[in-house]
Amino acid sequence: RTRAIMFDPNDVTKRKVWAGGVAGGLWYNNDIASNTSEWQKVDDFWANMAVTTITSDPSNPQIFYVGTGEGFFNADAVRGGGIWKTTNGGTSWTQLASTSVSDDFTYIQELVVHSSGAIFAATRGNSSSSGGILRSVDGGNNWTRVLAPGSSIGATIASFSNRASDIDIASNGDIYACFGLFSQGRIFRSSDSGNNWTDITPNTNCHRIELAVAPSASSVTNTTVLYAVARATSGSDNDVAWFKKSIDGGANWTDIT
């Protein structure tokens, strides 16, 4: 399964692509438009090969971060081993020691980097004291948990809601984080780099939520356009609870039929 893919921000031709397999490590292709261009493996001997997310630093395109660990509770899910970092566009990689042994980083759902260089990790966690949204402002050396809405609820699968499912950053710098892996689905927004969060969940009758943020602002309100889809709390795992759109940064939502 391929759950991580990124166009190389350093390639002006937009042909080099990075991709990660959930048990196959990190790979790159120098010309995705060519039928004969082969995929090249980065390293068969990383401490963990369960690549699930990859992102670059918008303030320095030579810096990439790769997260590991499948957090969706599939029967063959592979546990992760933290985050890997490159500062030279992928030529060499280092496992961040701050993430290699922490329960917070065994299942990393998504990584994003703010324009300020701050890194945000959406993780599942393994207990009531782990998981949620974590932030590093020093390149991944140290981390602070900035959002964990389920910490006071407990650790049962039915109620535990620190399991983050997605995180995105809008063009205006606002951060949107989603929760709900077999627990209450919720969406939060931060307009101050993750220091404070507002619950903007449109409908709580759902589990896992995935979010997409439009790269441009709404022509009507000059604010962020969002799309969100959630899994139903009953019935088939494939059932969709709702599919919604907001043109004002999550203040109001409308159904997409």
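Q: What is the mean pLDDT of the protein, and what share of its residues reach 70 or more?
A: The mean is 90, and 94% of the residues reach 70 or more; pLDDT is the predictor's confidence in each residue, from 0 to 100. This is a predicted model, where local features need pLDDT of at least 70, side-chain atom pairs count only at pLDDT 80 or more, and totals for chains, interfaces and linings use all residues. Residues are numbered from 1 along each chain as its sequence is written, and side-chain values use heavy atoms, with hydrogens and water left out.

Q: Where does pLDDT stay under 50?
A: Look at residues 152-160. The model has 19 contacts for them beyond four places in sequence, a contact being heavy atoms within 4.5 Å.

Q: Why is Gly194 called buried?
A: Its relative accessible area is 1%. Buried means under 20%, exposed over 50%, and partly exposed in between (1.4 Å probe, protein chains only), so Gly194 counts as buried.

Q: Which residues is Gly194 in contact with, leaving aside its neighbours within four places in sequence?
A: Phe120, Arg135, Val146 and Ile175. Gly194 itself sits in the loop between β15 (186-190) and β16 (198-199); strands are DSSP runs of E, at least two residues, numbered from the N terminus.

Q: What makes β5 and β6 a pair?
A: They share six bridges in the antiparallel sense. Two strands pair if DSSP finds at least two bridges between them, so β5 and β6 qualify. Across from Thr55 you'll find Tyr65 in β6.

Q: Why are β5 and β8 edge strands?
A: The open sheet runs β5-β6-β7-β8, and β5 (51-57) and β8 (94-95) each pair on one side only.

Methods. Helices (H or I, at least four residues) and strands (E, at least two) are DSSP runs, numbered from the N terminus.
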